[in-house]
Every structure is written in C-alpha cells, then in structure tokens.
Amino acid sequence: MKVIGLTEFGAASVLRPLDVPERHAGPGEVRVRVRAAAVNPVDAIIRAGGFAGNDRAVTEPVVPGTDVAGTIDEVGTDQPDGFDLAIGDAVSGFVVPDGSHGGYSEQIVLPALSVTRMPANGSYAEGAAFLSNALTAEITLEHLALDPGQTLAVTGATGAVGGYLVELAAQRGITVIADARAEESDRVRALGATVVLDREDDFVAGVLAATDGVGADALADPAILTDRVIGAVRDGGQVAFYLPTDIDPGRGIRVFGSYVMRSNLRHDAIERLARAVERGDLTATVAGTLPAEQAATAHDRLEHGGFRGRLVLEF
C-alpha cells in the first residue's frame, strides 16, 4: 500500500512515497480507499518532529494526515448501532495519526464512528477539507457553552479553525468579535462576525472598545497569540488555547486546552458537521489540489501561507 510519509523528521523535503503493509478492517471499523487528504498545520508539526516524544529515531514510516475523503472498500464486523454505510459509499473521515497510520495513504482503516457520509454536494477534495478544523471549533464551543447574546472574541478568523469558530458561534446566537486584514473584513463579516477588527490594530483594545471596557465572555485563540490577547477577556471569563501552554491568565479566567484528537469518536458531532456542509451552513474551502506525490510542495506552500482554505492531496 502506498503512503506519503517520512523516515526522518525535518523539512518538507523529507516527505516521499513509501510502501507499508496493507491493513484490513476489524470489528467496528471500516477501510476507506482514500481519494483526497487535506494538508493541515498539524501535519507540518508531525513532519518536523514537533510533538513530544519525536526526538527519538524513526523506526517505521511516519505518515501525517488527519482529514480524508474516499470510498468504503471494506466493512468490519460488529458495527455500532445505526451504522448505515456500505462498500462503495463516499465518506469523510477523521484520522488520529499514529506512526504509519495517517491520512496520506491509499487506504486507511478507521473506527466507523470516525466516518460519515461525505457531503453530497461536493467533490472528494471538499469532503476532505473541513472535518478536523470544524470539529476543533465545535468542541471548543461545546466546552465554552456560551449563551446566545454572550460575546466570543476570535483571533485568526480568516484561518480554517477561526472561520469555523465564527460560523458556528454565530449560528448559536453568540456575538462574535473577530480580527481580519482590511481586505478580508467583509468575508469574516459574512461568516457571521458582528464586529471585525483590523488585524493591524491592537486586538485587546478593539475587543474592550466593543464590550464597553468589560472584555469578552470568552476568547478562542487559534492564531496562538496567548498572553498578548488575554486582556481581551473579562474577569471570570474563559479562554481556549490550541497548543500546550503554561500560561495562567489569573483574574478567575478558566482555560480550555483544545485537543481535537480526543474527539475522533464523536460521531454525533462529525455527522452534524458534514450535514451542515451539505446544507451550505458551513464552508469547505479548497485552496488547491496536488497529486499526493507532491506532498512536499504542498507543505512548502502551507508554511509560506498566503491562501485561504485547505490544500488537498489527491490519490
């Protein structure tokens, strides 16, 4: 089975085609013939060896990739209640990468709970472009549990996670204050933000001005600005961080450390998000597609930025 992976951590150039043993679906699992795999920032962290424990020698191929779309080609026994997928069905799936088990693969075996019917109105590339980022935003909002009318400040609102935070929060009736470059403010407002701050201005000052000096009820920080934006949160509020941090905001502010990999079996949320994309309530934006063999080029483009949506590898 062909995968795109690495045998040593490093720059984008370490990614190359490799062969690994074929796997089969076990109890409660399905195997997906992958047609598309999104390229996410977490993939670059995996590739570079940025996670704890990755300072040791690579003993088997490491394959990145958390988002896939394709067709089911094998169904295991003992499927969960309500399972209604069959061989040949087009699906979107969420992968927790582990060694050579990653989304940049011709085939991937996944828990059936991590898979849902692909949005019927899109391509395989679009089916791979949304799930892990939208699920990150959904789990964040579930944890923050803001009521309609409360205020959420969002950094990096033009990024994938930030955009889904804006969309999903606005649909819950939450007042969203987000940042964007001037030329992208209309786009963020169209996602549902009530107030769009100029990214070149002081974020904290902007949020305080928009909340009569009190601060937002919660802050979601996918831009990883951490202690530079804590001042935007009111006393007793909440903040969601997306990378490990030792920061203690004080002032009674509660911290949620988001880690979407723990939610790979949240089939209810996975299904809900896919159907939202199907209805047009959530966007699945593809920045471009490349053959899987050009994964190194995709990672180079990812690190240079300058595009919106997800690059997608096609198999």
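Visitor: At what angle do H3 and H7 pack?
Guide: In this predicted model, helix H3 (residues 131-144) packs with helix H7 (residues 267-279) at about 115°. Their axes are 10 Å apart.

Visitor: Is the crossing left-handed or right-handed?
Guide: H3 passes H7 in a right-handed crossing.

Visitor: Which residues make the contact?
Guide: On H3, Leu-131, Ala-134, Leu-135, Glu-138 and Glu-142. On H7, the contact is made by Ala-269, Ile-270, Arg-272 and Leu-273.

Visitor: And by class, how many are nonpolar, polar or charged?
Guide: The contact of H3 with H7 has 6 nonpolar residues and 3 charged ones, with no polar residues.

Visitor: Changing topic. What is the strand order in the open sheet of 6 strands?
Guide: The order is E10-E9-E8-E11-E12-E13, and the pairing is parallel.

Visitor: Which strands stand at the edges?
Guide: Strand E10 (195-198) and strand E13 (254-257). Each has a single partner strand, so one side of each is left without a neighbour in the sheet.

Visitor: How are neighbouring strands turned against each other?
Guide: By 20° on average, with direction ignored.

Visitor: What holds strands of a sheet together in pairs?
Guide: Backbone hydrogen bonds, in either a parallel or an antiparallel arrangement.

Visitor: Back to E10. How many bridges pair E9 with E10?
Guide: Strand E9 (residues 175-180) pairs with E10 over 4 bridges, in the parallel sense. Ala-180 stands opposite Asp-198 in E10.

Visitor: Which helix packs on that sheet?
Guide: Helix H6 (residues 203-210) does, touching strand E8 (151-154), E9, E10 and strand E11 (216-220). The direction of H6 makes about 150° with that of E10.

Visitor: Which residues of H6 are buried?
Guide: Phe-203, Val-204, Gly-206 and Val-207. Seen down the axis of H6, they fall within an arc of 165°, so they line one face of the helix. What covers them includes E8, E9, E10 and E11.

Visitor: How many residues of E9 are buried?
Guide: 5 of the 6, so E9 is largely enclosed by the rest of the structure. E9 also pairs with E8 in the parallel sense, over 4 bridges. In that pairing, Ala-153 has Ile-177 of E9 as its bridge partner.

Visitor: What about H1, which of its residues are buried?
Guide: In helix H1 (residues 41-48), they are Asp-43, Ala-44, Ile-46 and Arg-47. These residues cover an arc of only 160° around the axis, which puts them on the same side of H1.

Visitor: What do they pack against?
Guide: Strand E3 (29-39) and helix H8 (295-304).

Visitor: What comes just after H1?
Guide: Gly-49, which takes a positive phi of about 75°.

Visitor: And Thr-59, where is that?
Guide: Thr-59 lies in the loop between H1 and E4.

Visitor: Is Thr-59 buried or exposed?
Guide: Exposed, with a relative accessibility of 78%. The C-alpha atoms of Thr-59 and Ala-125 are 31 Å apart in space, and the two residues are 66 apart in sequence.

Visitor: How many residues of E5 are buried?
Guide: In strand E5 (residues 90-94), 4 of 5 are buried, which leaves the strand mostly covered.

Visitor: Which strands does E5 pair with?
Guide: Strand E4 (residues 67-75) pairs with E5 in the antiparallel sense over 5 bridges. There, Val-91 in E5 is the bridge partner of Gly-70. Strand E7 (residues 115-117) runs antiparallel to E5 and is joined to it by 3 bridges. Gly-93 stands opposite Val-115 in E7.

Visitor: Where is Asp-98 found?
Guide: In the loop between E5 and strand E6 (107-111). Asp-98 counts as exposed, at 59% relative accessibility. Its C-alpha atom is separated by 9.9 Å from that of Ile-46, 52 residues apart along the chain.

Visitor: Buried or exposed, for Ser-258?
Guide: Ser-258 counts as buried, at 12% relative accessibility.

Visitor: Which residues does Ser-258 touch?
Guide: Thr-136, Thr-140, Phe-241 and Tyr-242, leaving out residues up to four places away in sequence.

Conventions: Residues numbered from 1 in each chain as written. Predicted model: local features only at pLDDT ≥ 70, side-chain atom pairs only at ≥ 80, totals over all residues. Heavy atoms only, no water. Axes fitted to C-alpha atoms, helices over the stretch in contact; angles between N-to-C directions. Helix = DSSP H or I, 4+ residues; strand = E, 2+ residues; numbered from the N terminus. Left-handed = near helix turned anticlockwise from the far one by under 90°. Contact = heavy atoms within 4.5 Å. Nonpolar A, V, L, I, M, F, W, Y, C, P; charged D, E, K, R; others polar. Pairing = 2+ DSSP bridges. Buried < 20%, exposed > 50% of the residue type's maximum accessible area, 1.4 Å probe, protein only. Arc of directions from axis to C-beta.
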